Amino acid sequence: MPRTKTSPHGRSTLIKDAVVAAPDLARRRLTRMPAQYYAKSPDWPRFRGGLDAVLHGFETARMADLAEESTRLLLRLLGWRGRIQRSSCVAARSERSERLADLSGATGARGYLCGTGGMRYLVTAPFEAHGVSIVPFVTSNTGVWRDAREMSSLRPLMAAGVAAVADAVRTVAAGHQQIMGSA
């Protein structure tokens, strides 16, 4: 199972069991800070309208609820219509490369887009066993991707606009589909 360090003494905790340490403070910050930075964005009303579901997650203070709902919000904004499947409902081994390969295989993926950090540790054999290609996820440093490694996903959505980010994501996906078709 995926684990995250959540306690001050470094004990491992399952992500589904992790909780926000100060949920009231975090909720206030999530309510105020994005508005402070992005209220003038033309797409702010769309984002703000979906934020209530994320804020509702602070009632349980479970990190898994917050992560899932914020992911759903971003995917809705981008117009993604796929199906979300929780990894906890899929049989997968615990070692990270094996786990990612098992999850990719269980969803019928032909390719696994891997960021530059993951490329440093990823073991390819488990993916090969599932018939899943590993495709490095690399974008340019221009347009909506400028400074992408140093910011949250909210910044390009509000600065460049939801439509521009959705177009950029579709462009990257189309390029990876071409790579997958030739693999």
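How many disulfides does the structure hold? It holds zero disulfides. The model is a predicted one.

**Largest pocket**

- The volume of the largest pocket is about 2,300 Å³.
- Its lining is made up of 49 residues. Those that lie nearest the centre of the pocket are Leu-75, Trp-80, Leu-113, Phe-137 and Val-169.
- Five elements are named as giving two or more residues to this lining: helix H3 (63-78), helix H4 (96-106), strand E3 (111-114), helix H7 (154-159) and helix H8 (162-182).
- Helix H8 gives the most to the lining, with nine residues.
- By residue type, the lining of the largest pocket divides into 25 nonpolar, 17 polar and seven charged residues.
- As background, rolling a probe the size of a water molecule over the atoms shows where empty space is left.

**Nonpolar cores**

- The largest nonpolar core has 20 residues, and the members that touch the most others are Phe-47, Leu-77, Leu-157 and Met-158.
- Helices H2, H3, H7 and H8 are the elements that give two or more residues to this core. The largest share, five residues, comes from H2.
- Another core, of six residues, lies apart from the largest one. Its members include Ala-101, Cys-114, Phe-127 and Val-132.
- Which residues does Leu-157 touch, not counting residues up to four places away in sequence? Leu-157 touches Asp-43, Leu-74, Leu-77, Leu-78, Val-162 and Val-165.

**Backbone at Ala-61**

- Ala-61 lies in the loop between helix H2 (44-56) and H3.
- The phi of Ala-61 is positive, at about 65°, although Ala-61 is not a glycine. In general, most residues other than glycine have a negative phi.
- Is Ala-61 buried or exposed? Ala-61 counts as buried because its relative accessibility is 10%, and the cut-off for buried is under 20%.

- Cys-89 has a relative accessible area of 62%, so Cys-89 is exposed; the cut-off for exposed is over 50%.
- Cys-114 has a relative accessible area of 3%, so Cys-114 is buried. Cys-114 is also one of the residues of the six-residue core.

How values were computed. Residues are numbered from 1 along each chain as its sequence is written. This is a predicted model: local features need pLDDT of at least 70, side-chain atom pairs count only at pLDDT 80 or more; totals for chains, interfaces and linings use all residues. Side-chain values use heavy atoms; hydrogens and water are left out. On a 1 Å grid over the protein atoms alone, a cavity is a set of points where a 1.4 Å probe fits but cannot get out, and a pocket is an open set with protein on both sides within 12 Å along at least five of seven lines; lining residues have an atom within 4 Å of a point. Grid points are joined across faces, edges and corners, and a volume is the space filled by probe spheres set on the points. Helices (H or I, at least four residues) and strands (E, at least two) are DSSP runs, numbered from the N terminus. Ala, Val, Leu, Ile, Met, Phe, Trp, Tyr, Cys and Pro count as nonpolar, Asp, Glu, Lys and Arg as charged, and the others, Gly among them, as polar. Buried means under 20% relative accessible area, exposed over 50%, partly exposed in between (1.4 Å probe, protein chains only). A nonpolar core is a set of buried Ala, Val, Leu, Ile, Met, Phe, Trp, Tyr and Cys residues joined through side-chain atoms within 4.5 Å. Contact means heavy atoms within 4.5 Å. A disulfide is a pair of cysteine sulfur atoms within 2.5 Å.
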